[in-house]
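Visitor: I would like a quick tour of this chain. Please take my questions one at a time.

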Amino acid sequence: MAKLLKVINRDQCIGCFSCMMACSRVWSKALTTQKARLTVRPYPDAEGAYSIRICYGCENPECADACPTGALTAKEGGGVELDVDKCIHCKECIEACVTKSLVWDEEKQIPLVCYHCGVCATYCPNDVLALVEVGNG
């Protein structure tokens, strides 16, 4: 059965960015939040409230449909895979993402695709995120 990352307890987010740091460290070997495949931001004028943007693992992802070169393709079970060699750095995928959760790597000029590995959930101290089984198996 496929597993996808889900926000299960949004109200418990304290904005520590541990999830983003873990993701960046594991997948980009970087000690920064800018290479994370998810985004945590404070809501403007709302103390202690955070927006958490993760890949929803769409079965028919608009980001892949918008890619003119086929660099992004739908993955079985949801989400997308990236063929870096086909990417022409046009950002069409970023514009097409309905949930605005696809992250752009400014340095490499490519989308940072979530692997739904759950490392971010592992490092969240408040169980805000979880890897959840989806589909019919």
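**Fold, cores and loops**

Visitor: How many helices and strands are there in the protein chain?
Guide: Bear in mind that this is a predicted model. From the N terminus on, the elements run β-α-β-β-α-β-β-α-β-β-α-β. The protein chain holds four helices and eight strands.

Visitor: What radius of gyration does the protein chain have?
Guide: The C-alpha atoms fill a box of roughly 40 × 40 × 30 Å along the principal axes. For 137 residues, a compact globule would come near 14 Å, and the chain agrees with that. Its radius of gyration is 15 Å.

Visitor: What percentage of the contacts with a separation of 6 or more joins residues 24 or more positions apart?
Guide: Start with burial: 41% of the 137 residues count as buried. Contacts between residues 24 or more positions apart make up, of those with a separation of 6 or more, 55%.

Visitor: How far apart do the centres of the positive and negative side chains lie?
Guide: The protein chain has 14 positive and 17 negative side chains. The centres of the two sets are separated by 4 Å.

Visitor: Which element gives the most to the largest nonpolar core?
Guide: That core has 18 residues, and Leu5, Cys19, Leu38, Val40, Ile52 and Leu129 have the most contacts inside it. At least two residues each come from α1 (18-28), β3 (50-53) and α4 (119-123). The element that gives the most, with three residues, is α1.

Visitor: Which residues does leucine 5 touch, not counting those up to four places away in sequence?
Guide: Leu5 is among the residues with the most contacts inside the largest core. Its partners beyond four places are Ile54, Cys55, Cys114, His116, Cys120, Ala121, Leu129, Ala130 and Leu131.

Visitor: What covers the buried residues of α1?
Guide: The buried residues in α1 are Cys19, Met20, Ala22, Cys23 and Ser24. Their cover includes β2 (39-42), α4 and β8.

Visitor: Which residue just after α1 takes a positive phi?
Guide: Most residues other than glycine have a negative phi. Just after α1, a phi of about 55 degrees is taken by lysine 29.

Visitor: Is lysine 91 buried, exposed or partly exposed?
Guide: Lysine 91 sits in the loop between β5 (80-82) and α3 (92-96). Its phi is positive, near 70 degrees. The relative accessible area is 30%, between the 20% and 50% cut-offs. So lysine 91 is partly exposed.

Visitor: Where is aspartate 127 found?
Guide: Aspartate 127 has a positive phi of about 55 degrees although it is not a glycine. Its place is the loop between α4 and β8 (129-134).

Visitor: Which residues is threonine 69 in contact with, leaving aside neighbours within four places in sequence?
Guide: Threonine 69 belongs to the loop between α2 (62-66) and β4 (72-74). It is partly exposed, with a relative accessible area of 30%. Its C-alpha lies 9.7 Å from that of aspartate 83, 14 residues apart along the chain. The contacts of threonine 69 are Lys86, Cys87 and Ile88.

Key
Residues are numbered from 1 along each chain as its sequence is written. This is a predicted model: local features need pLDDT of at least 70, side-chain atom pairs count only at pLDDT 80 or more; totals for chains, interfaces and linings use all residues. Side-chain values use heavy atoms; hydrogens and water are left out. A nonpolar core is a set of buried Ala, Val, Leu, Ile, Met, Phe, Trp, Tyr and Cys residues joined through side-chain atoms within 4.5 Å. Buried means under 20% relative accessible area, exposed over 50%, partly exposed in between (1.4 Å probe, protein chains only). Contact means heavy atoms within 4.5 Å. The radius of gyration is taken over C-alpha atoms; the globule rule is 2.2 Å times the number of residues to the power 0.38. Lys and Arg count as positive and Asp and Glu as negative; His and the chain ends are not counted. The place of a charge is taken as NZ of Lys, CZ of Arg, CG of Asp or CD of Glu.
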